[in-house]
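Welcome! Take a look at the sequence and the 3D view below, and then we will walk through them together.

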Amino acid sequence: MGALAAPRVRWGILGTGHIAGEFAMGLRRLPEAELVAIGSREAERGDRFAHAVGAPRAHGSYEALVGDPGVDVVYVATPNSEHRDHNRLALEAGKAVLCEKPFATSAAEAREVVALARAKGLFCMEAMWSRFVPLVGRAEALVREGRIGDPLAFQADLGIVVPSRASRALRPELGGGALLEFGVYLVAMARLFLGPSEETLGCAMVGPSGVDEQASVLLRHSDGGHSALFASLLSQTPGEAQLFGTRGRLRLHAPFYRPHHVSVVTFAKAGEGRAPGAAGPPAVPATWKSALRRLYQRYEAYLSPVVRRPSLDLVIPVEGNGYHHQAAEVIRCLRAGQTESGRMPLDETIAILETLDALRVSRAPVVPGP
Ligand SMILES: NC(=O)c1ccc[n+]([C@@H]2O[C@H](COP(=O)([O-])OP(=O)(O)OC[C@H]3O[C@@H](n4cnc5c(N)ncnc54)[C@H](OP(=O)(O)O)[C@@H]3O)[C@@H](O)[C@H]2O)c1
């Protein structure tokens, strides 16, 4: 029986930091997964971590982990700067790979890894875990069903204050920066709802750390939609996302990247839909309707909660820490003999990094940090 036909897919975790621990916890929710080994640059740290997460063995080098014949798939959980090399290491050893976001620090690096995975016919995926959270799929289905009409614009923010100036996210040598750390989630979610983008505008504030400590991004999507995104390592932002359409708006309540609450508000009066090149809205005729509108505007604060009440409220608690859904997708793909996930394809990963690349060349001069 081939390893992947075995009752449980055997995982190795490369790296022993924060997210490695979370992922190990997530794996426990999957009866079809087994955590069999840990790889650390330092044997004692690997042993300690393996003990803490209940893995039966630890290797004192990443080479030894990827060479472990009992490992089917390697989860790469090292800093961003190391992803290209660690992905390559695992693929060269013949292992399937799930790599933390961002998959690499540039599109060029990502293309290199993708070419290797494809040449070797091995499964590889970026751990864009939000895409596998069930409520995100439900939100997408609501949009497809036309609940908000034509989707036109997406707006989202993600700002979490780094614990200290020495944090990984503020270190250029580890591939830090707001765009690679958080922008990647924002762009991935914008593309999920509005599709590929053709134009990228943005500005970033590069602090004394040398990385973009906050960044704002505007995307023009291929079918005309717009996204306005904001990422920060210096400020705590609401962490919400909203999609605006001609008939309503959909809100992914915080944290949008792992939502447990999605609401839809349907507008009292639907727009006419998009008409490319058309002039602005028709002039309002001076009738009783415009008088009513003026009245509504005057008392909007009281009336809007009633008139624009959420037409749908979906609350689905996230199971565990939510990291197991992406692992379930890896297992499903491996069992189906797929080398890529249709939900998070490698070309999508490359396209997201191309967008981030475009932004990083247009960043602002260094400003004093806090
Ligand atoms: N999906 C999410 O929600 C989420 C959340 C946080 C982070 N992330 C991503 O996960 C990755 C890891 O983040 P983290 O917060 O877990 O980082 P972390 O706590 O700093 O851990 C990184 C681990 O990588 C290993 N490592 C290998 N080379 C290293 C180097 N040059 N410097 C430091 N450590 C090195 C270390 O383990 P050993 O030395 O023991 O080998 C270390 O424990 C990043 O790509 C990040 O973007 C994802």
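The shell around the ligand takes at least three residues from each of two domains: domain 1 (3–130) and domain 2 (132–270 + 305–370). Those domain bounds come from an automatic or database domain assignment. Keep in mind that this is a predicted model, in which local features need pLDDT of at least 70, side-chain atom pairs count only at pLDDT 80 or more, and totals for chains, interfaces and linings use all residues. Residues are numbered from 1 along each chain as its sequence is written, and side-chain values use heavy atoms, with hydrogens and water left out.

**Around the ligand**

- The ligand is surrounded by 24 residues, and the closest are Thr16, Ser40, Tyr62, Asn80 and Tyr323; a residue is counted if one of its heavy atoms lies within 4 Å of the ligand.
- By type, the shell holds nine nonpolar, eight polar and seven charged residues. Here Ala, Val, Leu, Ile, Met, Phe, Trp, Tyr, Cys and Pro count as nonpolar, Asp, Glu, Lys and Arg as charged, and the others, Gly among them, as polar.
- In the side chain of Asn80, an N or O atom is 2.5 Å from an oxygen atom of the ligand.
- The protein covers 83% of the 890 Å² of accessible area that the ligand has on its own; such areas come from the Shrake-Rupley method with a 1.4 Å probe, and for residues only the protein chains shown count as cover.
- Helices (H or I, at least four residues) and strands (E, at least two) are DSSP runs, numbered from the N terminus.

**A closer look at Ser40**

- Ser40 sits in the loop between β2 (33–39) and α2 (43–53).
- Is Ser40 buried or exposed? Ser40 is buried, because its relative accessible area is 1%, and buried means under 20%, exposed over 50%, and partly exposed in between (1.4 Å probe, protein chains only).
- Leaving aside residues up to four places away in sequence, Ser40 touches Thr16, Arg45, Gly46, His59, Gly60, Ser61 and Tyr62; a contact means heavy atoms within 4.5 Å.

**Another loop: Gly224**

- Gly224 belongs to the loop between β9 (212–221) and β10 (226–232).
- With 40% relative accessibility, Gly224 counts as partly exposed.

**The whole chain**

- The chain has 11 helices and 14 strands.
- Of its 370 residues, 50% are buried.

Key. Polar contact = N/O pair within 3.5 Å; in protein donor to acceptor, adjacent residues only side chain to side chain.
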